[in-house]
Amino acid sequence: MAAISPLDGPVAVTGCSGFTGGHMVRELVLHGYTVRACIRDADSWRGKDCVNYLGRLPNVEIINGCDLFTTGSFNMAFKDCIGVFHVAAVLGNSADGKSQPLGSGEVSQDVYNGGMVGTENVINAINASGSVKRLVYTSSMAAVSGARSGIVPKGYEWTETDWASDGVDPEQWQQPGNAYTRSKVDTEHLINNAADNSDGRWDAITMNPAMICGPILFKAQVGQWIMQIGKLAGGEEPNWPSRNDMYYNIIDVRDLVKAHRLAAESSVDHKATHGGPRYVLHGSGGRSAVRLGTDVSAIINEFFPGFILGKPVTVDGDGEPITVTSNVLNDCKKAKSVLGATIRPVEETIRDLVESSIELGIITPQFQA
């Protein structure tokens with residue numbers, strides 16, 4: 001199998017100004033790797049913030065100009081590398097016509113193309129390198145559950161054999177709201193087919209995380225789920241993807257990037273495992289889901305009892321209580337048994353997220369009188 005190690009040569013990480021990408025670089029250098037950190041624009045505020053942090057880590061080379069929408073932009077970064085960790089993605093909150101200057105500006109199209117077109121560019125750069133032996137791709141639980149979440153029976157447990165497209169009406173599947181899910185499903189198939197067609201030169205492994213949370217390394221990483229928990233701790237009302245109370249299915253970013261590294265270093269025949277070369281990373285500390293307005297609030301209050309907490313909306317426009325349910329189970333059973341992945345308690349994840357948010361000046365706690 002195409003297992004890699006720090007002794008084999010450098011590795012490349014895409015999307016390093018993002019939350020998972022930055023943590024991925026840190027995880028790898030702490031375990032002896034030389035890392036090519038791929039950044040789209042090192043001169044943007046996000047890029048500068050990222051470079052400022054990564055520049056303090058050992059054995060990191062910043063490669064600027066790595067754009068998912070630009071053919072050939074990853075070729076230099078991947079040259080002589082033995083592994084690639086493809087973490088970069090276009091998310092709904094960054095596909096605004098400004099954050100992705102080479103995109104179309106149409107959110108669903110840019111989200112989908114960021115996966116498909118961007119990953120095609122990554123695959124072409126891997127093939128051009130002649131040296132890469134293994135690709136580890138950061139997909140999403142969206143590719144496992146996605147549009148099927150509301151149609152499975154209570155107590156259903158997602159596994160690596162589940163695909164979000166299974167049994168979904170084709171017309172519904174093509175709706176703009178499913179752009180991210182379709183992107184992840186189609187990108188996984190694209191990667192697997194490309195690896196199969198490489199004549200054994202390289203193989204591919206996919207990681208399928210849920211809501212990625214944990215400590216923030218630099219300000220540019222703030223976004224999505226970590227921002228909402230920070231708002232709660234800072235006494236503000238959550239606002240993305242809605243103001244409403246909801247369940248969060250959390251994976252700690254540190255556990256996630258460790259699982260990426262373990263997968264890259266494993267000599268297991270990933271393709272022959274249950275569900276093939278993909279790993280569900282979902283269910284921190286054995287808990288499937290935590291409710292934002294009750295469970296998460298209680299955890300923050302336990303560690304920071306003097307904080308005035310924000311409150312998500314719990315009633316609809318007519319004043320009726322919003323029904324919040326979580327009828328499925330999640331556990332990283334395969335990743336734990338095959339890779340030796342470890343999953344820390346969700347309480348630790350939320351505590352460290354809040355502490356780092358305060359340390360970086362992202363939130364200012366409000367204290368009870």
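Reader: Is Asp 80 buried, partly exposed or exposed?

Author: This is a predicted model, and Asp 80 sits there in the loop between helix H3 (75–78) and S4. Buried means under 20% relative accessible area and exposed means over 50%. The relative accessible area of Asp 80 is 45%, so Asp 80 is partly exposed.

Reader: What is the phi of Asp 80?

Author: Most residues other than glycine have a negative phi. Asp 80 is not a glycine, yet its phi is positive, at about 70°.

Reader: Which helix holds Gln 224, another residue with a positive phi?

Author: Gln 224 is not a glycine either, and its phi is near 55°. With a relative accessible area of 18%, Gln 224 is buried. The helix that holds Gln 224 is H7.

Reader: How are helix H7 and helix H11 oriented to each other?

Author: Two packed helices are described by the angle between their axes and the distance between the axes. For H7 (residues 224–233) and H11 (residues 346–359), the axes come within 10 Å and cross at roughly 75°. Angles of 65 to 115 degrees count as roughly perpendicular. H7 and H11 are therefore roughly perpendicular.

Reader: How many of the residues in the contact of H7 with H11 are nonpolar?

Author: From H7 come Ile 226, Ile 229, Gly 230 and Ala 233, and they meet Ile 350, Leu 353 and Val 354 in H11. Gly counts as polar in this scheme. The contact has no charged residue and one polar residue, and the number of nonpolar residues is six.

Reader: Where on helix H9 do the buried residues fall?

Author: Helix H9 (residues 292–303) has twelve residues and spans 16 Å from first C-alpha to last, close to the 16 Å expected. Its buried residues are Leu 292, Val 296, Ser 297, Ile 299 and Ile 300. Seen down the axis of H9, these fall within an arc of 160°, so they line one face of the helix.

Reader: What covers the buried residues of H9?

Author: Two strands take part, S9 (247–248) and S12 (290–291). The cover also includes two helices, H7 and H11.

Reader: Which elements do the buried residues of helix H2 pack against?

Author: In H2 (residues 45–54), Gly 47, Asp 49, Cys 50, Tyr 53 and Leu 54 are buried. They fall within an arc of 165° seen down the axis of H2, so they line one face of the helix. On the other side of H2, Trp 45 and Lys 48 are exposed. The buried residues pack against helix H1 (19–30), strand S2 (35–39) and strand S3 (60–64).

Reader: What is the relative accessibility of His 86?

Author: His 86 lies in strand S4 (residues 83–86). Not counting residues up to four places away in sequence, His 86 touches residues including Thr 14, Leu 68, Thr 119 and Tyr 137. His 86 counts as buried, because its relative accessibility is 1%.

Reader: What distance separates the C-alpha atoms of Asp 8 and Cys 81?

Author: Asp 8 is in the segment before strand S1 (11–13), and Asp 8 touches Ala 3, Ile 82 and Lys 133 beyond residues up to four places away in sequence. Asp 8 and Cys 81 are 73 residues apart along the chain, and their C-alpha atoms are separated by 8.7 Å.

Conventions:
Residues are numbered from 1 along each chain as its sequence is written. This is a predicted model: local features need pLDDT of at least 70, side-chain atom pairs count only at pLDDT 80 or more; totals for chains, interfaces and linings use all residues. Side-chain values use heavy atoms; hydrogens and water are left out. Axes are lines fitted to C-alpha atoms, for helices over the stretch in contact, and angles run from 0 to 180 degrees between N-to-C directions. Helices (H or I, at least four residues) and strands (E, at least two) are DSSP runs, numbered from the N terminus. Angles under 35 degrees count as roughly parallel, over 145 as roughly antiparallel, 65 to 115 as roughly perpendicular and the rest as oblique. Contact means heavy atoms within 4.5 Å. The expected span of a helix is 1.5 Å times one less than its number of residues. Buried means under 20% relative accessible area, exposed over 50%, partly exposed in between (1.4 Å probe, protein chains only). The arc is that of the directions from the helix axis to the C-beta atoms.
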